[in-house]
There are 2 protein chains.
Amino acid sequence: MRKRVPISVSQPYTVVIGTGLLAELPDHIANTEIVVLGDTNTAPFQERVAAAFTAAGRRVTTVQVAPGEDSKTIATWERVLLELSHAGVSRQAALLAVGGGVVGDLGGFVAATYLRGIAFYQVPTSILAMVDSSVGGKTGVNLPTGKNLVGAFWQPRGVYADLTVLHTLPEHEFQAGTAELFKAGLLADYDLATALLRTWHSQAEPHVLADYLARGIAVKANVVAADTFETGSRAYLNLGHTVAHALEAAMQHTIAHGVAVAYGLVFSAALGKSRGWFDYTDLAKEFVSWLGVTHTLPPFTELEPFIDRDKKAGPHGRTYVLLQEKEHPILVHDVTHAEELLAYEALQEVAS
Amino acid sequence: MRKRVPISVSQPYTVVIGTGLLAELPDHIANTEIVVLGDTNTAPFQERVAAAFTAAGRRVTTVQVAPGEDSKTIATWERVLLELSHAGVSRQAALLAVGGGVVGDLGGFVAATYLRGIAFYQVPTSILAMVDSSVGGKTGVNLPTGKNLVGAFWQPRGVYADLTVLHTLPEHEFQAGTAELFKAGLLADYDLATALLRTWHSQAEPHVLADYLARGIAVKANVVAADTFETGSRAYLNLGHTVAHALEAAMQHTIAHGVAVAYGLVFSAALGKSRGWFDYTDLAKEFVSWLGVTHTLPPFTELEPFIDRDKKAGPHGRTYVLLQEKEHPILVHDVTHAEELLAYEALQEVAS
């Protein structure tokens, strides 16, 4: 069983979703030199991929980084570049990021910059990476001043999402990753958002998982195709993310990205509702309940410096994505401080 | 007097050559936020540019780095990124690299990666930067393992070459920078290569300087337009550069880039001559004499590790650009060690 989602960027590629893809990768990727990058948490998957390419007679270089957001730094990126250089990796090599979002973002930035760019493939091992990071071409690392402040747009040549890796995910990670799928549904496939809460779980039939993943990826792919370099409508994908990123920064990354996104969606739902726009506050709250987490959130004043430093903050000051109508996102630049505080109170209540 | 060379890349732009351009830049660059990057050697030019934008009501951030190749590092790049971030520079900003090749390469890589890319303009203050670095979109920094091993392709929105800055260049730097112009002539405008030796000097009439610069830039622009991402014919621009880069590395950058290129051209001329191809050995030697420098070059064995690590070294091993016929470069992969040694002996004699 294979689902394919075509991605229409300047160099089109395909996201392939299915079971047992890891061992098949040498059939899909022809490069004679292969770099397999991953973190220690997903080492078994990297080993399976490396073994498949070695068996196929390819020259394989493996590079491992520590798991977690702390690896999304210039220091780690530099170390990986040096390892590739010392191993004599050439411009003909393909780099495969086997892992979650951090490995994908870091690996993509390595691929974008090593020898001014080598071929890049994503082999996502988390829901988040499958739905979010593997479409859009965004790569990068963090600065002390904020997340993803350094990076490049670098499209993968292909994305291979092997469903078998999901069986090994901890349930809470599986659920948190689902937040991006939920967000995609809210943006352009509302039925997906509601269906997720009913029938989505890690032990679901592969064809159900593949179908939902493909729908979420298709939403993102359509947005990205319309605006590859994020000059306009691509900002819609930040639904819930302005506050999510600020929460992560203010809470020093002690909160999972998916949970932060879920909270961010409650915030944006509350903002929209107070303006009389599309009301999805109940669904957003239901999703937080479904995640089964609670947090005592910091006061809004602690988030504000990070909101102001958000790279989407353009000449208009703070920008939020809100749903004016069902499946109809817009960018809003005139949210007042009073509106923000009210929406944040609603969020604090839901989170507690 | 203005010369304009159109550059046909995916986002076309123009190289403007003329006198008094620095003060006019606000008429050409509309961004309300301006970053002026330069090194301490060219501070007066940066100040003139910054003053012009400030007078035009723009928000100007200036960043200075130390002069020289030592600033083309990940550490300096990281420091510049942090300065921009701390200054709150947004995605709407334009970064202007006011300086020579190092500032252009470093500044381009900053622009390519800050917030995943901001607008970039080149304001070259050396011949080398005017002819070489400002066309092609190559940006990057060095690794301890070699030059330009990290970077990105990032096209400028415009290049403004103000001839008045050339009057302040030391004569030897002016001459050395001419090496790239000479190389461009050899590749596709042989009359330019011969004319240079006769009539090119820093006190020449502006229209002569502008004409020669425009011809050299046009050669490069044509090559780059045919092969933006250096997958094929763009490698021709490396005429003389395989050995030039190896010389620079083996001599720990105690040799000027332009001189290294002149030596590299003698080497490639000798290689081609020994095969009975186009013979420009006399012209290449004449150019070295014209530069008026001598060096005791290291033995060839000290260059070889760097030649092998050259990022153009593909699956074919060592690659050299040779002129098979006049203005007809080809890539040669089968140069023997005996041929290399013979050509290097010829070069050592010329250099001594």
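Val5(B) has Val15(B), in β2(B), as its bridge partner. That pair belongs to a predicted model. In this model chain A and chain B touch through 31 residues from chain A and 31 residues from chain B. A rotation of 180 degrees superposes chain A on chain B.

**The strand pair in chain B**
- Strand β1 of chain B covers residues 2-7, and strand β2 of chain B covers residues 13-18.
- The two strands pair in the antiparallel sense. Six bridges hold the count for this pairing.
- A hairpin of five residues joins β1(B) to β2(B).

**How the two copies are related**
- Two copies of a chain are related by a rotation about an axis and a shift along it.
- Here the rotation is 180 degrees, and the shift along the axis is 0.0 Å. The RMSD of the superposition is 0.0 Å.
- The two copies are therefore related as by a two-fold rotation axis.
- Both copies use the same surface: 100% of the contact residues of chain A recur in chain B.

**The interface**
- The size of an interface is often given as the accessible area lost when the parts come together.
- Chain A and chain B bury about 2800 Å² between them. Carbon and sulfur atoms account for 61% of that area.
- Which elements of chain A give two or more residues to the side that touches chain B? They are α3 (74-86), α4 (101-113), β7 (138-143) and β8 (146-153).
- The largest share comes from α3(A), with seven residues.
- By residue type, the side of chain A that touches chain B divides into 16 nonpolar, nine polar and six charged residues.

**Polar contacts and salt bridges**
- Eight residue pairs are in polar contact across the interface of chain A and chain B, both residues at pLDDT 80 or more.
- How many salt bridges run between chain A and chain B? The count is zero.
- Over all chains, the structure holds 32 salt bridges.
- One salt bridge is formed by Arg198(A) and Glu286(A). Their closest N and O atoms are 3.0 Å apart.
- This pair links distant parts of the chain, 88 residues apart. Arg198(A) sits in helix α7 (residues 190-199) of chain A, and Glu286(A) sits in helix α11 (residues 281-291) of chain A.

Definitions and conventions: Residues numbered from 1 in each chain as written. Chains lettered and ligands numbered in written order. Predicted model: local features only at pLDDT ≥ 70, side-chain atom pairs only at ≥ 80, totals over all residues. Heavy atoms only, no water. Contact = heavy atoms within 4.5 Å. Buried area = accessible area lost by both parts, 1.4 Å probe. Salt bridge = Lys/Arg side-chain N within 4 Å of Asp/Glu carboxyl O. Polar contact = N/O pair within 3.5 Å; in protein donor to acceptor, adjacent residues only side chain to side chain. Helix = DSSP H or I, 4+ residues; strand = E, 2+ residues; numbered from the N terminus. Nonpolar A, V, L, I, M, F, W, Y, C, P; charged D, E, K, R; others polar. Pairing = 2+ DSSP bridges. Least-squares fit on C-alpha atoms with pLDDT ≥ 70 in both.
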